[in-house]
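Welcome! Here is a short tour of a few residues, meant to be read alongside the sequence and the 3D view.

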Amino acid sequence: MNKRILIVEDERNVRLTYRAALETEGFDVTEADCGAAAVEKFAQANFDVAVLDLRMPEMDGLELLE
């Protein structure tokens, strides 16, 4: 089974770069463009790893970890 990764990043190009690199290695990648969207994704599914942007408007990566 592939490892599931959630990418939480407000910049679209950065998310696409992460996605391309991780999917090439066989990971199942889901994206969220903000902390609130990430909370919704966490409620819908389990992830093995989350890659968090530390500087996002409204809810940064550290607040999301809480």
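## A buried strand residue

T30 is buried, with a relative accessible area of 15%; buried means under 20%, exposed over 50% and partly exposed in between, using a 1.4 Å probe and protein chains only. This threonine sits in strand β2, which covers residues 28-32. Helices (H or I, at least four residues) and strands (E, at least two) are DSSP runs numbered from the N terminus.

Leaving aside residues up to four places away in sequence, T30 touches R4, I5, L6, I7, R19, K41 and F47. Contact here means heavy atoms within 4.5 Å.

## About the model

This is a predicted model, in which local features need pLDDT of at least 70 and side-chain atom pairs count only at pLDDT 80 or more, while totals for chains, interfaces and linings use all residues. Residues are numbered from 1 along each chain as its sequence is written, and side-chain values use heavy atoms, with hydrogens and water left out.

## A buried charge without a salt bridge

Next, look at E9, in the loop between β1 (4-8) and α1 (12-24). E9 is buried yet has no salt bridge, a term for a side-chain nitrogen of Lys or Arg within 4 Å of a carboxyl oxygen of Asp or Glu. The nearest side chain of opposite charge is R15, 6.4 Å away; Lys and Arg count as positive and Asp and Glu as negative, with His and the chain ends not counted.

What does the side chain of E9 reach? It reaches the backbone nitrogen of E11, at 3.1 Å. Beyond four places in sequence, E9 touches V14, R15, A32, D33, D53 and M56.

## In and around helix α3

E58 lies in the loop between β3 (49-52) and α3. E58 counts as exposed, at 84% relative accessibility, and its phi is near 70 degrees, a positive value in a residue other than glycine.

Not counting residues up to four places away in sequence, G61 touches L52, D53, L54 and M56.

L62 is also placed in helix α3, residues 61-65, but this leucine is exposed, with a relative accessible area of 53%. Together with L54 and L65, L62 forms a nonpolar patch on the surface, with about 330 Å² of accessible area. Accessible areas come from the Shrake-Rupley method with a 1.4 Å probe, and for residues only the protein chains shown count as cover. Patches are made of residues with over 30% relative accessible area and no salt bridge, joining like charges within 9 Å and nonpolar side chains (Val, Leu, Ile, Met, Phe, Trp, Tyr) within 5 Å.

Technical notes. Polar contact = N/O pair within 3.5 Å; in protein donor to acceptor, adjacent residues only side chain to side chain.
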